[in-house]
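I opened the model to look up a few residues, strands and charged pairs. My notes are kept in the order in which I checked things.

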Amino acid sequence: MQELINRLSQVAYRIRRFALRMGEVQGQGYIGQALGWADVLAVAYGHALSFRADDPAWEQRDRFLLSHGHYAIAFYAALIEAGIIAESELETYGCDDSRLPMSGMATYTPGMEMSGGSLGQGLPIAVGMALGLRLKGNRAFVYNSMSDGELDEGATWEAAMGAAHHGLSNLICLIDINNQQADGHSGKVMGFEPLADKWAAFGWHVQRIDGNDLPAVIKAFDIARSAAGNMPRVILFDTLMGKGVPFLEQREKNHFIRVDPPEWQHALEILDNAQQAGSSI
């Protein structure tokens, strides 16, 4: 287990680093989310998902839907780490004719299952995919990655009911609870607690953990994949925006941030020094 944790710690570190390097290209972006969600993506692409880097459309692959399309910078970093996208492409992030637009678009990017951005759309699509795979006898899992802001959307809860009704045990929903939206603190925009109780009442297998605790994230993924019963599964991840870079963690509003040019290199140095010192970010 410790060997796995050490390996995935390196994966999370590289995902954070790739995201920062892409952010530097534009000087701004959803970098706070990328740093906070990196541990979840590291476990997803470094441990849990079944995929082929050289064949992103492999029929037996697990599907990973990026419902929160503004997290694309984090997702691209994971795809680079997974070998699906070449590291050299990160220099084109957000540029004209790039395969890495600032918001996720399936038309452009290998490994991108849906064009996200309109919040609340991912889970309904995931329900349809999970139903379709079951009808085809395909044992692949469907993962829906979404933000806590999407809990404000009625389509999310309609899909949650549908998934439980159809007993979609091949569906795993991953929710980033970082308590920030464009308009402020998530709970003040639209209160959603007690969240675990609500998902359980909708008929889901529920776990809630610290999304920046790597061993806990590994365990949660393993439990979600192996849990008994015909229930869809949800993991609620409490994360810290800007995780691993203290001066970004401490920003009062970091939903979408501009970082001054010297700060990008400073952020990379902080990550590098922490990794060399062997600390867990």
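**Ground rules**

I am working from a predicted model, in which local features need pLDDT of at least 70 and side-chain atom pairs count only at pLDDT 80 or more, while totals for chains, interfaces and linings use all residues. Residues are numbered from 1 along each chain as its sequence is written, and side-chain values use heavy atoms, with hydrogens and water left out.

**Entry 1: Ser 145**

I looked up Ser 145 and found it in strand β3, residues 142-147. Is Ser 145 buried or exposed? Ser 145 counts as buried because its relative accessibility is 0%. The cut-offs are under 20% relative accessible area for buried, over 50% for exposed and partly exposed in between, with a 1.4 Å probe and protein chains only.

Next I checked the side chain of Ser 145, which makes a polar contact of 2.7 Å with the side chain of His 68. A polar contact here is a pair of N or O atoms within 3.5 Å; within protein, one must be able to donate a hydrogen and the other to accept it, and residues adjacent in sequence count only if both atoms are side-chain atoms. Leaving out residues up to four places away in sequence, I list Trp 37, Phe 64, Leu 65, Leu 66, Ser 67, His 68 and Leu 174 as touching Ser 145. Contact means heavy atoms within 4.5 Å.

**Entry 2: strand β4 and its partners**

I followed Leu 174 into β4, where it is the bridge partner of Ser 145. β3 and β4 run parallel and are joined by six bridges. Two strands pair if DSSP finds at least two bridges between them. β4 also pairs with β6 in the parallel sense, over six bridges, and there Ile 175 stands opposite Leu 236.

Why do I note β4 as largely enclosed by the rest of the structure? Seven of the seven residues of β4 are buried, so I note the strand that way. Leu 171, Cys 173, Ile 175 and Ile 177 point one way, Ile 172, Leu 174 and Asp 176 the other way, and all are buried.

**Entry 3: the nonpolar cores**

I looked up the largest nonpolar core and found 63 residues, with Tyr 45, Leu 174 and Phe 221 having the most contacts inside it. Among the elements that each supply at least two residues of this core are α1 (2-26), β4 (171-177) and α10 (261-276). The largest share, 12 residues, comes from α2. A nonpolar core is a set of buried Ala, Val, Leu, Ile, Met, Phe, Trp, Tyr and Cys residues joined through side-chain atoms within 4.5 Å.

Leu 174 has contacts that include Val 40, Tyr 143, Phe 221, Ile 235 and Phe 237. A second, separate core has 26 residues, including Ala 159, Ala 163, Leu 168 and Cys 173.

**Entry 4: salt bridges**

How many salt bridges does the structure hold? I have 12, taking a side-chain nitrogen of Lys or Arg within 4 Å of a carboxyl oxygen of Asp or Glu.

- Asp 39 pairs with Arg 16, the closest N and O atoms being 2.8 Å apart. The pair links helix α2 to helix α1, 23 residues apart. Asp 39 is buried at 3%, and Arg 16 is buried at 1%.
- Arg 17 and Asp 272 meet at 2.8 Å, N to O. This pair links α1 to α10, 255 residues apart. Arg 17 is partly exposed at 23%, whereas Asp 272 counts as buried at 15%.
- Arg 63 and Glu 59 meet at 3.6 Å, N to O. Arg 63 counts as buried at 7%, and Glu 59 is partly exposed at 33%.
- Arg 21, Glu 87 and Glu 91 are linked in a network of salt bridges.

**Entry 5: Val 259**

Last, I checked Val 259, in the loop between β7 (257-258) and α10. Val 259 is buried, with a relative accessible area of 3%. Beyond four places in sequence, Val 259 is in contact with Gly 27, Leu 248 and Trp 264. I also noted Gly 29, which is 230 residues from Val 259 in sequence and 8.6 Å away in space, C-alpha to C-alpha.

Key. Helices (H or I, at least four residues) and strands (E, at least two) are DSSP runs, numbered from the N terminus.
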